[in-house]
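Dear colleague,

I am passing on a structure that you have not worked with before, and I would be glad if you could look through it alongside the notes in this email.

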Amino acid sequence: MNTRNAYLAAVFALGVGVTVFASTAGWPSWWVVVGFGCLVIASENSPVVLHQGLAVSPTILLIMASLPVLAGTNDGEGLLLGVALIAACGSLDRDHIQGRRWDVVAVNAGSISTATVAAACFFQATQDLTGVEGLLAILGTAITFEVVNTALILPAVSMTYGEPVRVLWSQLRPTIPNSLSFSVLGLLVGKLAAKLGPGAAMFAILPLLIGRWTFATFLRLQESQESALRVFVRLTEAKDAYTAGHVERVATFAVYVGEELGLDPNRIEHLRRSALLHDVGKLAVPSRLLNKPGRLTPDEWDVVKRHNEVGVGILGRIDFLRETAVTASDKHGHFDAPDEDTPAELILEAHIVSVADAFDAMTSTRSYRRALEQDVAFDELRKNSGTQFNPECAEALIRAIERRGEHYGAGFETDAHDFAVPPPVTGVGSAGLGDLAGEAEG
């Protein structure tokens with residue numbers, strides 16, 4: 001048994017042990033367990049899916065709402081066992097079961113049951129508090145669940161996908177306030193139901209259902225915008241087949257830097273879109289110039305340089321993409337070209353895209369030069385930091401790639417293309433770096 005499977009088995013065993021321990025404290029009101037269990041299963045299997053593949057559902061709200069309800073029935077007996085069983089229902093995801101991913105089901109059941117029982121113990125010890133202390137106790141219950149569940153799940157996800165825990169935490173951290181809000185709201189709804197009866201809870205849950213519908217509608221609009229964005233990406237790659245995949249990699253590198261610098265999720269999403277669209281102006285550049293194996297003449301270089309202006313013009317005419325034009329602009333990408341009239345956050349994003357674009361250009365084979373080794377690309381970023389590149393952004397990209405253990409450039413390319421004229425091993429630079437032998441780029 002490998003380390004990952006051993007850890008998953010240990011978390012599942014912990015959940016089973018906690019549930020067995022909980023059964024020694026009495027038996028719950030089974031109608032509450034069955035009712036909330038069914039709601040949790042339905043919630044878990046009807047989430048709102050985000051376009052990144054993530055999903056949100058009110059499952060945690062329902063689980064937390066069950067704590068006060070169980071505490072108010074049967075004299076509070078069986079609270080721990082009841083919430084453990086209700087929480088375990090949150091692991092019964094239809095896709096996981098149909099795909100026979102029993103390891104995922106097991107670790108989810110173990111972690112969420114353990115976290116919920118821990119939260120229930122805190123709730124049980126503080127449920128008689130009132131006023132400000134009572135509100136702090138509710139917050140403490142939600143925090144207890146979040147801390148235990150996160151501590152158990154993060155290592156499992158890290159071992160499954162090969163991502164460092166620190167990187168996963170940086171991605172998860174922005175979602176914690178939302179999760180805590182759902183937990184606190186669930187506890188308040190549960191207290192209302194326990195005091196006024198289950199029917200009263202429906203008046204509190206109804207706005208949540210309306211909110212879910214509104215959120216789903218908003219996401220459909222976002223999906224439409226994402227589809228429009230993808231059309232531009234595909235057109236760009238169709239125009240310049242040799243750089244197919246380039247914009248996707250630039251977007252990935254830009255997100256790496258954004259996460260490394262601690263940007264919030266909304267800014268990182270804006271950054272991703274800008275990076276995907278930074279080359280859209282190539283649609284106006286003749287293919288013979290994009291794929292010319294030798295050096296460009298001054299007139300040809302002027303035509304190629306104008307592609308960025310064309311791209312900015314295109315994006316500026318599309319309402320939801322207008323702001324990305326600033327980030328995608330070469331004018332703002334150079335570190336030594338300050339612009340006091342543009343918001344600082346957009347300038348930073350432009351610096352990030354510039355670094356990501358240059359790194360991928362150097363580590364990819366083009367018609368005018370074969371891919372450089374990753375260390376050479378890193379050296380070029382550092383050598384041009386403080387002039388062309390923002391030093392903080394350059395170092396952030398290098399740190400992010402090294403920490404992930406990823407390799408790019410010569411010997412690690414994933415896209416193979418047949419060139420009419422084999423590219424030279426050394427030659428002109430790219431992304432504004434100039435000739436790597438010291439001459440000006442042409």
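The notes below begin with the chain as a whole and then turn to individual helices and side chains.

Please keep in mind throughout that this is a predicted model. The chain has 442 residues, of which buried residues make up 48%, and its secondary structure comes to 19 helices and two strands. Counting contacts with a separation of 6 or more, 71% are between residues 24 or more positions apart.

Within helix H3 (residues 59–71) you will find Leu-62, which is buried, with a relative accessible area of 9%. Leaving aside residues up to four places away in sequence, Leu-62 touches Phe-36, Leu-39, Val-40 and Ser-43. For Val-40, which is 22 residues away from Leu-62 along the chain, the separation of the two C-alpha atoms is 6.4 Å.

Next come two helix pairs. Helix H11 (residues 246–260) packs with helix H17 (residues 344–362) at an angle of about 130°, and their axes are 8 Å apart, which makes H11 oblique to H17. The crossing in which H11 passes H17 is right-handed. On the H11 side the contact is made by His-246, Arg-249, Val-250, Phe-253, Ala-254 and Val-257, and on the H17 side by Ile-352, Val-353, Ala-356, Asp-357, Phe-359, Asp-360 and Ala-361. By class, the residues of this contact between H11 and H17 are nine nonpolar, one polar and three charged.

The other pair is helix H18 (residues 374–383) with helix H19 (residues 391–404), packed at an angle of about 155° with axes 9 Å apart, so that H18 is roughly antiparallel to H19. H18 passes H19 in a left-handed crossing. Here Gln-374, Phe-378, Leu-381 and Arg-382 of H18 meet Ala-394, Glu-395, Leu-397, Ile-398, Ile-401 and Glu-402 of H19, and the residues of this contact divide into six nonpolar, one polar and three charged.

Finally, there are the aromatic side chains, for which a search of the whole structure finds six pairs. In one of the pairs, the rings of Trp-27 and Trp-30 have centres 6.1 Å apart and planes at 40°, so this pair is tilted. Trp-27 is exposed, with a relative accessible area of 54%, whereas Trp-30, at 41% relative accessibility, counts as partly exposed.

Phe-253 and Phe-359 form an edge-to-face aromatic pair, 5.1 Å from centre to centre and with 80° between the planes. Because Phe-253 lies in helix H11 and Phe-359 in helix H17, this pair ties together parts that are 106 residues apart in sequence. Both Phe-253 and Phe-359 are buried, and both are also among the residues that make the contact between H11 and H17. Ring pairs extend this picture into a cluster that links Phe-253, Tyr-256, Phe-359, Phe-378 and Tyr-408; Phe-378 also takes part in the meeting of H18 with H19.

Key:
Residues are numbered from 1 along each chain as its sequence is written. This is a predicted model: local features need pLDDT of at least 70, side-chain atom pairs count only at pLDDT 80 or more; totals for chains, interfaces and linings use all residues. Side-chain values use heavy atoms; hydrogens and water are left out. Axes are lines fitted to C-alpha atoms, for helices over the stretch in contact, and angles run from 0 to 180 degrees between N-to-C directions. Helices (H or I, at least four residues) and strands (E, at least two) are DSSP runs, numbered from the N terminus. Angles under 35 degrees count as roughly parallel, over 145 as roughly antiparallel, 65 to 115 as roughly perpendicular and the rest as oblique. A crossing is left-handed if the near helix is turned anticlockwise from the far one by less than a right angle, and right-handed if clockwise. Contact means heavy atoms within 4.5 Å. Ala, Val, Leu, Ile, Met, Phe, Trp, Tyr, Cys and Pro count as nonpolar, Asp, Glu, Lys and Arg as charged, and the others, Gly among them, as polar. Rings of Phe, Tyr and Trp (its six-membered ring) pair if their centres lie within 6.5 Å; planes under 30 degrees apart count as stacked, over 60 as edge-to-face and the rest as tilted. Buried means under 20% relative accessible area, exposed over 50%, partly exposed in between (1.4 Å probe, protein chains only).
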